[in-house]
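This briefing goes through one protein chain by topic. Please keep the sequence and the coordinates in view while reading.

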Amino acid sequence: MWRISNDGTKRLAPWPWIKDIAEEKHFGSPGTAIWASGPARNSAVGYLQRHRIFEVPMLTDIMPHLFEPQVESLQDGVARLYAARRDAEAPPPYAELNDRVMA
């Protein structure tokens, strides 16, 4: 959702597949995290603050597309967002186009 490096933090588009991930952070076990309060929430909020992440992930930009005709899944929404922004930029050198999202 974000690329964190020594140069700063950047929101990532939802269509690249990141190759050779250096680090991945999860804040709770699947199905067990309580996000309203508790350790998972505190860990996630602390992580976002430490890395100065104050914007929602770019994946939320698909929300308007989810209400369009023939959009039945998140994958469809991502494909619509990609089509709308296709000329924005090529995937960065550390990523490639994710065929599973764009199928």
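Read from the N terminus, the elements of the chain follow the order β-β-β-α-α-β-α. That gives 3 helices and 4 strands. The model is predicted.

**Chain as a whole**

- Of the 103 residues in the chain, 20% are buried.
- Among contacts with a separation of 6 or more, 53% are between residues 24 or more positions apart.

**Largest pocket**

- The largest pocket holds about 1,300 Å³ of space.
- Its lining consists of 29 residues, of which Met1, Trp2, Leu12, Glu23 and Glu24 are the closest to the centre of the pocket.
- At least two lining residues come from each of strand S1 (2-5), strand S3 (16-18) and H1.

- Arginine 11 is partly exposed, at a relative accessible area of 21%.
- Another joins the side chains of glutamate 68 and arginine 80, with an N to O distance of 2.4 Å. Glutamate 68 sits in the loop between H1 and H2 and arginine 80 in helix H2, so here the parts tied together are 12 residues apart in sequence.
- Glutamate 68 is partly exposed at 28% relative accessibility, and arginine 80 is partly exposed at 29%.

**Loop between H1 and H2: backbone**

- As a general point, most residues other than glycine have a negative phi.
- Arginine 52 is not a glycine, yet its phi is positive, at about 55°. The residue lies in the loop between H1 and H2. Its relative accessibility is 63%, so arginine 52 counts as exposed, given that exposed means over 50%.
- Glutamine 70 is not a glycine either, and its phi is positive at about 65°. This residue is also found in the loop between H1 and H2. Glutamine 70 is exposed, with a relative accessible area of 65%.

**Nonpolar surface patch**

- Met63, Leu66, Phe67 and Leu74 make a nonpolar surface patch of about 450 Å².
- Which loop holds phenylalanine 67? Phenylalanine 67 is in the loop between helix H1 (39-50) and helix H2 (74-85).
- Phenylalanine 67 has a relative accessible area of 74% and is therefore exposed.

**Asparagine 98**

- Asparagine 98 is in the loop between strand S4 (95-97) and helix H3 (99-102).
- Is asparagine 98 buried or exposed? Its relative accessible area is 9%, so asparagine 98 is buried, as the cut-off for buried is under 20%.
- Apart from neighbours within four places in sequence, asparagine 98 is in contact with Trp15, Pro16 and Trp17.

Note on methods
Residues are numbered from 1 along each chain as its sequence is written. This is a predicted model: local features need pLDDT of at least 70, side-chain atom pairs count only at pLDDT 80 or more; totals for chains, interfaces and linings use all residues. Side-chain values use heavy atoms; hydrogens and water are left out. Patches are made of residues with over 30% relative accessible area and no salt bridge: like charges are joined within 9 Å, nonpolar side chains (Val, Leu, Ile, Met, Phe, Trp, Tyr) within 5 Å. Accessible areas come from the Shrake-Rupley method with a 1.4 Å probe; for residues, only the protein chains shown count as cover. A salt bridge is a side-chain nitrogen of Lys or Arg within 4 Å of a carboxyl oxygen of Asp or Glu. Buried means under 20% relative accessible area, exposed over 50%, partly exposed in between (1.4 Å probe, protein chains only). Contact means heavy atoms within 4.5 Å. On a 1 Å grid over the protein atoms alone, a cavity is a set of points where a 1.4 Å probe fits but cannot get out, and a pocket is an open set with protein on both sides within 12 Å along at least five of seven lines; lining residues have an atom within 4 Å of a point. Grid points are joined across faces, edges and corners, and a volume is the space filled by probe spheres set on the points.
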